[in-house]
Amino acid sequence: MPRIALLLNLCLWTACASTSHVPTPAGGPGLGMIAALEGVWVEVGEDGSPTGRVTNVFRSTAGGSAVSEVVFPGAPEEMLTVYQVGPEGLELTHYCAAGNAPRMVLDAGSTENDLRFTCTGGVGLEDHTTGHMHTGRIVVLGPDRLRTEWAYLEAGENTFTGVFEIQRVDAGTR
């Protein structure tokens, strides 16, 4: 019996390992664009120079089928965003410091250098009156420079939009 269990585990592991390539969905950028952001990113100051404040860490995970982004690592307001390809194409789930997890899908008009996401629901969002991140945008300004924009919606109104310019300082295992 232990041999059968070992063989089944080996077959399962081999099947999972062979699915690490996630294709680009038709009509939009794929996970590869997000995976290319792997590394440590710091805030860019008002003078346009990178600061020492680490704001984002991107890392491929789950055999290449997802990319995790830790936002404000180590801070009390640390958050996690996980990108993956779902039934509607590229999507993300943002595990927010507000205690909810909005799910966003890539908008049809997005390009490789301008990804726009819109909330379609999520955990802790009974409706769109609960405060949550409702839209996200990643604009590629250069190979190691991004601008991100995140709009917070509460009671149907945009109450805050955070705009962050960040620069990669360590490419990780890219």
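## A buried glutamate, salt bridges and a pocket

Glu 91 is buried, because its relative accessible area is 5%, under the 20% cut-off. The model is predicted.

**Salt bridges.** Glu 91 forms a salt bridge with Arg 103. Glu 91 sits in strand 5 and Arg 103 in strand 6, 12 residues apart. Arg 103 is partly exposed, at 22% relative accessibility. Arg 103 also forms a salt bridge with Glu 88. Glu 88 is exposed, at 53% relative accessibility.

Another bridge pairs Arg 137 with Asp 114. Arg 137 lies in strand 8 and Asp 114 in strand 7, so this bridge ties together parts 23 residues apart in sequence. Arg 137 is buried at 18%, and Asp 114 is buried at 16%.

| Salt bridge | Closest N and O atoms |
|---|---|
| Glu 88 and Arg 103 | 3.3 Å |
| Glu 91 and Arg 103 | 2.7 Å |
| Arg 137 and Asp 114 | 2.8 Å |

**The largest pocket.** This pocket holds about 220 Å³ of space. Its lining has 15 residues. Val 71, Phe 72, Met 79, Trp 150 and Phe 164 lie nearest the centre. By class, the lining has 8 nonpolar, 6 polar and 1 charged residues. Strands 2, 3, 4, 9 and 10 each supply at least two lining residues. Strand 10 gives the largest share, 4 residues.

Notes:
Residues numbered from 1 in each chain as written. Predicted model: local features only at pLDDT ≥ 70, side-chain atom pairs only at ≥ 80, totals over all residues. Heavy atoms only, no water. 1 Å grid on protein atoms, 1.4 Å probe; cavity = no way out; pocket = protein on both sides within 12 Å on 5 of 7 lines; lining within 4 Å. Points joined across faces, edges and corners; volume = space filled by probe spheres on them. Nonpolar A, V, L, I, M, F, W, Y, C, P; charged D, E, K, R; others polar. Salt bridge = Lys/Arg side-chain N within 4 Å of Asp/Glu carboxyl O. Buried < 20%, exposed > 50% of the residue type's maximum accessible area, 1.4 Å probe, protein only.
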